[in-house]
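Have a look at the structure first, and then read on.

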Amino acid sequence: DDIVRDFKVSMATDEIARLEGISVPDDQIEEQMEAIRKDAAENKEEFDETIRSKVDATLTRQAVMDWLAENSNLEVEYKNEEEFDEDVMQKLADDALEREEKLTEVPSESETVA
């Protein structure tokens, strides 16, 4: 399911980039490549220059997502909302507070001397 979803997102963002003329400048790609080169050198890892296309695709998809965020007028619609159970939430909060209090309790002097 995740692979199919990722593929669909990839195809959709690539098509939006094509239709809207969204591209990433070469200097931005090179800047990212240099950061990866530096990281690889610091970790004594081999650097593969062929990842340039992956860097370009990732930055382009990021640019598409930014473009969508700026140019879309989306409304979130929640489906199958579960009813909020205030009693369950209060019990969870009380349990969390009780655990926190136990963690922060300072042991008495008699408990610390063994």
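How many residues does α3 have, and how far does α3 reach from its first C-alpha to its last? In this predicted model, α3 has 20 residues and reaches 28 Å, close to the 28 Å expected at 1.5 Å a residue.

Now see how α3 sits against its neighbours. Val55, Leu59, Thr60 and Val64 of α3 are buried, and the buried residues of this helix pack against α1 and α2.

Let's start with α1. Two packed helices are described by the angle between their axes and the distance between the axes. Here, the axes of α1 (residues 2-20) and α3 (residues 52-71) come within 9 Å and cross at roughly 75°. An angle of 65 to 115 degrees counts as roughly perpendicular, so α1 and α3 are roughly perpendicular to each other. The table shows which residues meet.

| Helix | Residue range | Residues in the contact |
|---|---|---|
| α1 | residues 2-20 | Val9, Ser10, Thr13, Asp14, Ile16, Ala17, Glu20 |
| α3 | residues 52-71 | Thr60, Arg61, Val64, Met65, Trp67, Leu68 |

Sorted by class, this contact of α1 with α3 has seven nonpolar, three polar and three charged residues.

Next comes the core. The largest nonpolar core has five residues in all: Val24, Ile29, Met33, Val55 and Leu59. Two or more residues of this core come from each of α2 (26-42) and α3.

Which residues does Leu59 touch, not counting those up to four places away in sequence? Leu59 touches Val24, Gln28, Ile29 and Gln32. Of these, Val24 and Ile29 also belong to the core with Leu59.

Methods: Residues are numbered from 1 along each chain as its sequence is written. This is a predicted model: local features need pLDDT of at least 70, side-chain atom pairs count only at pLDDT 80 or more; totals for chains, interfaces and linings use all residues. Side-chain values use heavy atoms; hydrogens and water are left out. Axes are lines fitted to C-alpha atoms, for helices over the stretch in contact, and angles run from 0 to 180 degrees between N-to-C directions. Helices (H or I, at least four residues) and strands (E, at least two) are DSSP runs, numbered from the N terminus. Angles under 35 degrees count as roughly parallel, over 145 as roughly antiparallel, 65 to 115 as roughly perpendicular and the rest as oblique. Contact means heavy atoms within 4.5 Å. Ala, Val, Leu, Ile, Met, Phe, Trp, Tyr, Cys and Pro count as nonpolar, Asp, Glu, Lys and Arg as charged, and the others, Gly among them, as polar. A nonpolar core is a set of buried Ala, Val, Leu, Ile, Met, Phe, Trp, Tyr and Cys residues joined through side-chain atoms within 4.5 Å. Buried means under 20% relative accessible area, exposed over 50%, partly exposed in between (1.4 Å probe, protein chains only). The expected span of a helix is 1.5 Å times one less than its number of residues.
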